[in-house]
Amino acid sequence: MAGEDGAAPEAAQPPADPSPGGGGYDGKCVFCRIGRREEPGTALLPCESEGLVCFRDIRPGAPHHYLVVPIEHMGNCKTLKKEHIPLVEKMMEAGKNILQRNNFTDLNDTRMGFHWPPFCSISHLHLHVLAPASQLGFLSRMIYRINSYWFITAEQLIERLQTENTAS
């Protein structure tokens, strides 16, 4: 936990920015702490994308199940706007790279996406990267189901962001 090892206490950190653009830090958010390397039990994987971290999901739904997370606190995928499309694309690219670094090359057998609120366990934006999608178990096929009320693929999110903003 932050503050126990002699580092500045959490109260000294800047407050979380609730805006979808993020830029803040929330000491109560486990993904914020992981992004700042304050969770020693979580091994970060090599992520070549600046501003993102990547690590294994603690409850893997596939042989390869990684999370790609912005270091700065951001709300869930429902809070994103059209200007966040490059971020989502960058997260997808980081996900593909981490799969390739872990010797998974069939990028046609992957599932990348987000849980749609209120079905988010953590309200910090995070992309699930699962592979091979063909090996998802029964429960994982339900949890990460395409065209469901609770999960949206990264591609679907980008389409939604593009159409919502052109319609308004």
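A pocket here is an open set of grid points where a 1.4 Å probe fits, with protein on both sides within 12 Å along at least five of seven lines. The model shown in these views is predicted.

**View A. The largest pocket and its centre.** The largest pocket holds about 540 Å³ of space. Its lining consists of 26 residues, and those closest to the centre are Asp57, Ile58, Arg59, Leu67 and Ser121.

**View B. Lining of the largest pocket by element and class.** Helix 1 (30-35), strand 2 and helix 3 (138-143) each contribute at least two lining residues. Helix 1 gives the largest share, 3 residues. Sorted by class, the lining of the largest pocket comprises 15 nonpolar, 8 polar and 3 charged residues.

View C. Six strands form an open sheet with antiparallel pairing, in the order 1-2-3-5-4-6. Strand 1 (44-45) and strand 6 (151-153) are the edge strands, each pairing on one side only.

**View D. Pairing of strand 3 with strand 5.** Strand 3 (residues 64-70) and strand 5 (residues 127-131) run antiparallel and are joined by 5 bridges. Leucine 67 has histidine 128, in strand 5, as its bridge partner. Leu67 is also among the residues closest to the centre of the largest pocket.

**View E. Helix 2 across the sheet strands.** Helix 2 (residues 85-101) lies across strand 1, strand 2 (52-56), strand 3, strand 4 (111-115) and strand 5. Relative to strand 3, helix 2 runs at about 145 degrees.

Key:
Residues are numbered from 1 along each chain as its sequence is written. This is a predicted model: local features need pLDDT of at least 70, side-chain atom pairs count only at pLDDT 80 or more; totals for chains, interfaces and linings use all residues. Side-chain values use heavy atoms; hydrogens and water are left out. Two strands pair if DSSP finds at least two bridges between them. Helices (H or I, at least four residues) and strands (E, at least two) are DSSP runs, numbered from the N terminus. Contact means heavy atoms within 4.5 Å. Axes are lines fitted to C-alpha atoms, for helices over the stretch in contact, and angles run from 0 to 180 degrees between N-to-C directions. On a 1 Å grid over the protein atoms alone, a cavity is a set of points where a 1.4 Å probe fits but cannot get out, and a pocket is an open set with protein on both sides within 12 Å along at least five of seven lines; lining residues have an atom within 4 Å of a point. Grid points are joined across faces, edges and corners, and a volume is the space filled by probe spheres set on the points. Ala, Val, Leu, Ile, Met, Phe, Trp, Tyr, Cys and Pro count as nonpolar, Asp, Glu, Lys and Arg as charged, and the others, Gly among them, as polar.
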